[in-house]
Amino acid sequence: IELSMVVIALLSMYLSPRIVSLIGFQGPAAETISYYLSKSGSSVVFAILILVFALGRGFLSRILSARAFVLLGEISFALYIIHTTVLQLYVRNGSKLLGVGGAGSGVAYWLTCLLISYLMHKAIEEPLRSLIAGKSRFAWNLNSLASSHSFRCACGLLFFVLLLRST
């Protein structure tokens, strides 16, 4: 059922903006409706798709529950936050720093994004999530902060960004 819902979602994304022209509706209202459908016409289908995957009983759910995919899901917010900054820094300085071109530059960009996202997740998201959940008594004294793994990750990340910006 999961694979069929993915196919339905893809068809919905393809057909939603085209529905207006398929039924022959024209004029300024047609453009507005078509624009709306292109942005959110598949929302109901995606809600159903999320429900199907939330039940987690199919082949795709088992694949997506593998450790690598779960980790990608956990770092996805950090990846969303950092990818454009890394792209801008990489466009300005990437060839000087990495010395790769062609397909290798794309691979290097994504590996850099994933590494920074992982570090951000470990250094920022996990400690704050524990603090918010009340699972950690996070002491803000300098001795415990400087010795923590999260603090070292954050310093390394900051150093890397500053290094890229200075070149």
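User: Which helix does L37 lie in?
Analyst: Happy to start there, and note that this is a predicted model. The stretch covering residues 28-40 is a helix, and L37 falls within it. That places L37 in helix 3.

User: Is L37 buried or exposed?
Analyst: The relative accessible area of L37 is 18%. Buried means under 20%, so with 18% L37 counts as buried.

User: Which residues is L37 in contact with, leaving aside its neighbours within four places in sequence?
Analyst: Let's look beyond the local stretch of chain. M13 is 24 residues apart from L37 in sequence, and the two are 9.0 Å apart in space, C-alpha to C-alpha. With neighbours within four places left out, the residues in contact with L37 are S16, P17, I19, V20 and S42.

User: How many helices and strands does the chain have?
Analyst: Reading from the N terminus on, the elements run α-α-α-α-α-α-α-α-α. The totals are nine helices and zero strands.

User: Which elements give two or more residues to the largest nonpolar core?
Analyst: This core has 10 residues in all, among them A78, L79, Y109 and C113. Two elements give two or more residues to this core: helix 6 (67-98) and helix 7 (103-133).

User: What residues does the second, separate core include?
Analyst: In soluble globular proteins, nonpolar side chains tend to be buried together. In this chain of 167 residues, 24% count as buried. The second core has five residues, including M5, V45, L49 and V52.

Key:
Residues numbered from 1 in each chain as written. Predicted model: local features only at pLDDT ≥ 70, side-chain atom pairs only at ≥ 80, totals over all residues. Heavy atoms only, no water. Helix = DSSP H or I, 4+ residues; strand = E, 2+ residues; numbered from the N terminus. Buried < 20%, exposed > 50% of the residue type's maximum accessible area, 1.4 Å probe, protein only. Contact = heavy atoms within 4.5 Å. Core = buried A, V, L, I, M, F, W, Y, C linked by side-chain atoms within 4.5 Å.
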